[in-house]
Amino acid sequence: MHTQYFRYALEVEKTGSITQAASNLFMSQPTLSKAIKDMEETVGFAVFKRTSRGVVPTHRGLEFLAHARKIAAQVQKMEQALQKEDTTHQLFSLAIPRASYIARAVSEFVSTFDGDTDMEIDILEGDAIHTIDAVAEGHFVLGIIRCREEDREYFLKAFGEKDLHYESVWRSDYVALMRQDHPMAQQKGMKAEDLLPYVEIVLGDEEVPYIRISEAKAVSGDLRNPKRVLVYDRGTMFDLLRSNSRAYMWVAPQPEAVLQGNGLIQRKCAGVGNFEDFLIYRSGYRFSRLDRAFMDILYLRRNEVAYAE
């Protein structure tokens, strides 16, 4: 369980209100409610209950919150110790996939940097294989990769061979991204094969090296669209989707701001695969204050997308 959940639970306990706690945490109320529900499913019991006095802890919830308070205090002490690092320079490096919620987290994180202090921020956006190599060779401190479910074991083996530690950030199904006036935009009960008559936009460098392209499965299983446009950056991807009402792309669920800003919608479909995002770093590496600050923002942005599904 990520320590962020302890922060959420303690804020709800303090305020006695999901709405007020969400406001204090700069989150939406539905996002916090879903996070609390997810936390309770993880621990296996209800931590809170609704009463005439507001949201209050259950009997077992009180015990859980007592442990959470101790852990949160230890985390705070660790963060204070990390803050004793050299603060005359702000150093941060990260390699990421072409994922909108991650890009949004990076932008928000960079905006928090002290503009009066020297900084060196190195961000690489690219495919999983290059990210693994970049982190393993020390060119980047942190990396995030995205892999399809069928390739998971391949990447876990690669982490071990490169002496990299990892943690799962998010696991979910792909969705179809398209313009609001796409012919299939309002189709109910849509299946992956329903999109085969249309043009598929594909990130061209997401193939795993050990599988020949002719043998690889598409996101939609064995259904490989013969009408494909391969691109290698998110900007071109969105340009093509915006300009073509018959184009679509299999992607991870997108933030609402990205959908509205590009005039796109996302649709769930039967018969598509899923993905998993991993945070990776070298064995023995100790997170810096800036690393932890980024991870806090990353999980907040992930929660906004994941709990909106």
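Predicted model: local features only at pLDDT ≥ 70, side-chain atom pairs only at ≥ 80, totals over all residues.
Are Glu-276 and Arg-152 buried or exposed? Both are buried.

**Salt bridges**

The structure holds 13 salt bridges.

| Pair | Closest N and O atoms |
|---|---|
| Asp-277 and Arg-146 | 2.7 Å |
| Glu-276 and Arg-152 | 2.6 Å |
| Arg-179 and Asp-181 | 2.7 Å |

Take Glu-276 and Arg-152, which form a salt bridge. Glu-276 sits in strand E12, while Arg-152 belongs to helix H7. The pair therefore ties together parts that are 124 residues apart in sequence.

Strand E12 spans residues 274-282 and also carries Asp-277. The partner of Asp-277 is Arg-146, found in strand E5 (residues 142-148). Arg-146 has 15% relative accessibility; buried means under 20%, so Arg-146 counts as buried.

Arg-179 pairs with Asp-181. Asp-181 is partly exposed, at a relative accessible area of 47%.

Some charged residues join in a network. Arg-104, Glu-108, Arg-301 and Glu-304 are linked by salt bridges in this way.

**A buried arginine without a partner**

Side chains of opposite charge can pair when their charged atoms come close. Which side chain of opposite charge is nearest to Arg-302? It is Asp-38, 6.1 Å away. A salt bridge needs the nitrogen within 4 Å of a carboxyl oxygen. Arg-302 has no salt bridge, yet it is buried. Its place is in helix H10, which covers residues 289-306. Leaving aside residues up to four places away in sequence, Arg-302 touches Tyr-5, Tyr-101, Val-169 and Trp-170.

**Helices H6 and H7**

On the H6 side, the contact is made by Ala-128, Ile-129 and Ile-132. H7 contributes Tyr-154, Phe-155, Ala-158 and Phe-159.

Definitions and conventions:
Residues numbered from 1 in each chain as written. Heavy atoms only, no water. Helix = DSSP H or I, 4+ residues; strand = E, 2+ residues; numbered from the N terminus. Buried < 20%, exposed > 50% of the residue type's maximum accessible area, 1.4 Å probe, protein only. Lys, Arg positive; Asp, Glu negative; His and termini not counted. Contact = heavy atoms within 4.5 Å.
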